[in-house]
Amino acid sequence: TPVKNGNIEYLFQFPSRLEGVFLRTAHWFYDGILHHSSRAQITPRERRQWWHYLNIKLQPSLLKRIHELVAWSSIAFLECPFWGSAVRRACRRTKKNYLLTFEDVLSDLVTSNRWLRQRVSACERLASRDAAAVFSVSLHDQERFEANGIPTRVIPHGMETEPALPSLDAGQIPPELQRIQEARSKGTIICLFIGSSLRCNLEAVEEIRKIAASLTNRGNIRFVIAGACLPKGDYG
């Protein structure tokens, strides 16, 4: 069901039941082959990066929906390159343009297997080839893309590290935030992570908890995790 927020409408696409069965089966084979052929040297996270590209091609209903949306649109914006294979095809048929943003370079996450890294990198280059414009978020990424023949424009992250916060009454601030603010006023360094329940965020939470455990003796550092990325349970 579409969700409307002001003049923005959000559409959600889910695989059909048959596609769901096929995707689970295909992923089981794909993941198993890479796992056993590499003798468990390729981690699940690394294997998942190429699957991001492959699974889109296995969903005819998604490909059809993308074609309909591109035909209806004036231009397409892609946040992630793994949509490129479907959108490139739709844009060619309808003579439309698309813009691509590389917020994450997925091939960077594949470090244990050169062959797999090259496969993911090739998919990234292919997604960039027909884009009307490609955007990166750092000069370092821009240099790497340029070396591969992909010109990009840099748009740095617009994060404000010292934002001007609205004034609130003490009664409006949740107790958890009050404790954090009290610690911060005493000089404690607050490391805040906010994330959804995406797998990459769940993995980030596990890494953050390891870092926090290694810094237990440092009383002036506190780690705070918020959002659906935090598994249910009580933590010290």
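The model is predicted, and local features were taken at pLDDT of at least 70, side-chain atom pairs at pLDDT 80 or more, and totals for chains, interfaces and linings from all residues. Residues are numbered from 1 along each chain as its sequence is written, and side-chain values use heavy atoms, with hydrogens and water left out.

The protein contains eight helices and eight strands, where helices (H or I, at least four residues) and strands (E, at least two) are DSSP runs numbered from the N terminus. Along the principal axes, its C-alpha atoms fill a box of roughly 60 × 50 × 45 Å. Of the 236 residues, 29% are buried; buried denotes a relative accessible area under 20%, exposed one over 50%, and partly exposed one in between, with a 1.4 Å probe and protein chains only. The accessible surface amounts to about 16,600 Å², and 56% of it belongs to carbon and sulfur atoms. Accessible areas were computed by the Shrake-Rupley method with a 1.4 Å probe, and for residues only the protein chains shown count as cover. Among contacts (heavy atoms within 4.5 Å) with a separation of 6 or more, 57% are between residues 24 or more positions apart. The protein carries 32 positive and 23 negative charges, whose mean positions are 8 Å apart. For this count Lys and Arg are positive and Asp and Glu negative, while His and the chain ends are not counted; each charge is placed at NZ of Lys, CZ of Arg, CG of Asp or CD of Glu.

An open sheet is formed by four strands in the order β3-β4-β5-β6, with parallel pairing. Two strands are taken to pair if DSSP finds at least two bridges between them. In general, strands of a sheet pair through backbone hydrogen bonds, either parallel or antiparallel. Strands β3 and β6 (153-154) stand at the edges with a single partner strand each, so one side of each has no neighbour in the sheet. β3 runs parallel to β4 and is joined to it by four bridges; A76 has Y98 in β4 as its bridge partner. One face of β3, with A76 and L78, is covered, whereas the other, with I75 and F77, is uncovered. Strand β4 (residues 97-102) also pairs with strand β5 (residues 133-136) in the parallel sense, over four bridges. In this pairing F102 stands opposite S136 in β5. From β5, A133 and F135 point one way and V134 and S136 the other way, and all are buried.

Aromatic pairs were assigned to rings of Phe, Tyr and Trp (its six-membered ring) with centres within 6.5 Å; planes under 30 degrees apart count as stacked, over 60 as edge-to-face and the rest as tilted. Seven aromatic pairs were found by this rule. The ring centres of W50 and W115 are 5.5 Å apart and the planes lie at 85°, so this pair is edge-to-face. The pair links distant parts of the chain, with W50 in helix α2 (residues 44-57) and W115 in helix α5 (residues 114-129), 65 residues apart. W50 is buried at a relative accessible area of 17%, whereas W115 is partly exposed at 44%. The rings of Y53 and F82 also form an edge-to-face pair, with centres 6.3 Å apart and planes at 90°. Here Y53 lies in helix α2 and F82 in the loop between β3 (75-78) and α4 (84-94), 29 residues apart. Both residues are buried, Y53 with 4% relative accessibility and F82 with 16%. Ring pairs also link Y30, W50, W51 and W115 into a cluster.

Most residues other than glycine have a negative phi. With a relative accessible area of 44%, A40 is partly exposed. K95 is exposed, at 78% relative accessibility.
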